[in-house]
Structures are given as C-alpha cells and as structure tokens.
Amino acid sequence: MFAEGAVSTEEIVPVLRVRDAAAAVRWYARLGFVQRWEHRFEPGFPVFTEVARGRVRLYLSEHEGDARPDAALVYLRVADLDAVAAEFGVRPERAPWGRELELRDPDGNRLRVGPVTE
C-alpha cells in the first residue's frame, strides 16, 4: 500500500536525449529553465544534466541509450504563454482545450506549451 502523504512529494522527470548538452541547456534557457547540475562518469564521457523552471524539471542526456528524439511529447504549462510565443516567434493555436503552441528543441524533442490551468 502507498503512503498517502508521499503522493504530494512525488513527481515525474522526463529524460530527453540531446546531442550537445551545452547547446540544449542554452535552448531551454530561452524557456526559462536554468541548469541545476551536470554529471559525467569520467572526462570526455556523455553529459547527463538537469534543467529546471520553478518546480518543473527535465533531465537532458547525451547517453545514446536513454531516449530518442521524437519518441515522446512533453506538455509544459506556463504562466507566460505569450512571452514564450514571442521568444520563439510563434503564434499560439486554439485547441479544443485552450491555447497552446508546439516547439521542437535542436534535437527534435517535442514540447507542447499551454497556459497554467486551475
């Protein structure tokens, strides 16, 4: 049985495959993410890093076996949808559930961005 109090502290952190972690960190910074840490098993090995925007976190991995670009879709809800749209030069589209836009990072990972709902 699961402890009820634990549910409020649980979360999912998607892992996205990237070719160049430094370039990916710069791209995600345009969405308001900041790099929190970076790990390599040894110098010259692939990077595994975390970027965060408030309580939202993503892992970015140069490890080939972790994930494939275009294999998943991350849905990000933000308080500043119009600012994100302006940063990337796109216009939000109207969907049956509200306004949203779709972005692809430099490695082809798909992000759909919509407004925060209550």
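Biologist: In which strand is the place of Glu50?
Modeller: The model is predicted: local features need pLDDT of at least 70, side-chain atom pairs count only at pLDDT 80 or more, and totals for chains, interfaces and linings use all residues. Residues are numbered from 1 along each chain as its sequence is written, and side-chain values use heavy atoms, with hydrogens and water left out. Helices (H or I, at least four residues) and strands (E, at least two) are DSSP runs, numbered from the N terminus. Under that assignment, Glu50 belongs to strand β3.

Biologist: Does Glu50 count as buried or exposed?
Modeller: Buried means under 20% relative accessible area, exposed over 50% and partly exposed in between, with a 1.4 Å probe and protein chains only. Since the relative accessibility of Glu50 is 1%, this residue counts as buried.

Biologist: Which residues is Glu50 in contact with, leaving aside its neighbours within four places in sequence?
Modeller: Contact means heavy atoms within 4.5 Å. With the neighbours within four places in sequence left aside, the partners of Glu50 are Val34, Gln35, Arg36, Trp37, Arg57, Leu58 and Tyr59.

Biologist: What distance separates the C-alpha atoms of Glu50 and Val15?
Modeller: Val15 stands opposite Tyr59 in β4, and Tyr59 is among the contacts of Glu50. Along the chain, Glu50 and Val15 are 35 residues apart. Their C-alpha atoms are separated by 9.1 Å.

Biologist: What is the order of the strands in the open sheet with β1 and β2 at its edges?
Modeller: Two strands pair if DSSP finds at least two bridges between them. β1 (15–17) and β2 (34–39) are the edge strands, each pairing on one side only. This open sheet of four strands has mixed pairing, and its order is β1-β4-β3-β2.

Biologist: What is the average twist from one strand of that sheet to the next?
Modeller: Angles run from 0 to 180 degrees between N-to-C directions, and axes are lines fitted to C-alpha atoms, for helices over the stretch in contact. From one strand to the next, the twist averages 25 degrees.

Biologist: In which sense do β3 and β4 pair?
Modeller: Strands of a sheet pair through backbone hydrogen bonds, either parallel or antiparallel. β1 and β4 (residues 56–61) run parallel and are joined by three bridges, with Ser61 as the bridge partner of Arg17. β3 (residues 48–53) is joined to β4 over six bridges, and Arg53 has Val56 as its partner there. The sense of this β3 and β4 pairing is antiparallel.

Biologist: Which residue in the turn between β3 and β4 has a positive phi?
Modeller: β3 and β4 form a hairpin, with two residues between them. The positive phi, about 65 degrees, belongs to Gly54.

Biologist: How many of the six residues of β4 are buried?
Modeller: β4 is largely enclosed by the rest of the structure.

Biologist: What is the bridge partner of Val78 in β8?
Modeller: β5 and β8 (residues 110–115) run parallel and are joined by six bridges. In β8, Val78 is partnered by Pro115.

Biologist: Which residues is Phe88 in contact with, leaving aside its neighbours within four places in sequence?
Modeller: Phe88 lies in helix α2 and counts as buried because its relative accessibility is 16%. Leaving aside the neighbours within four places in sequence, its contacts are Trp27, Arg30, Leu31 and Leu103.

Biologist: What pattern does the protein follow along the sequence?
Modeller: The protein has two helices and eight strands. Read along the sequence, they give the pattern β-α-β-β-β-β-α-β-β-β.
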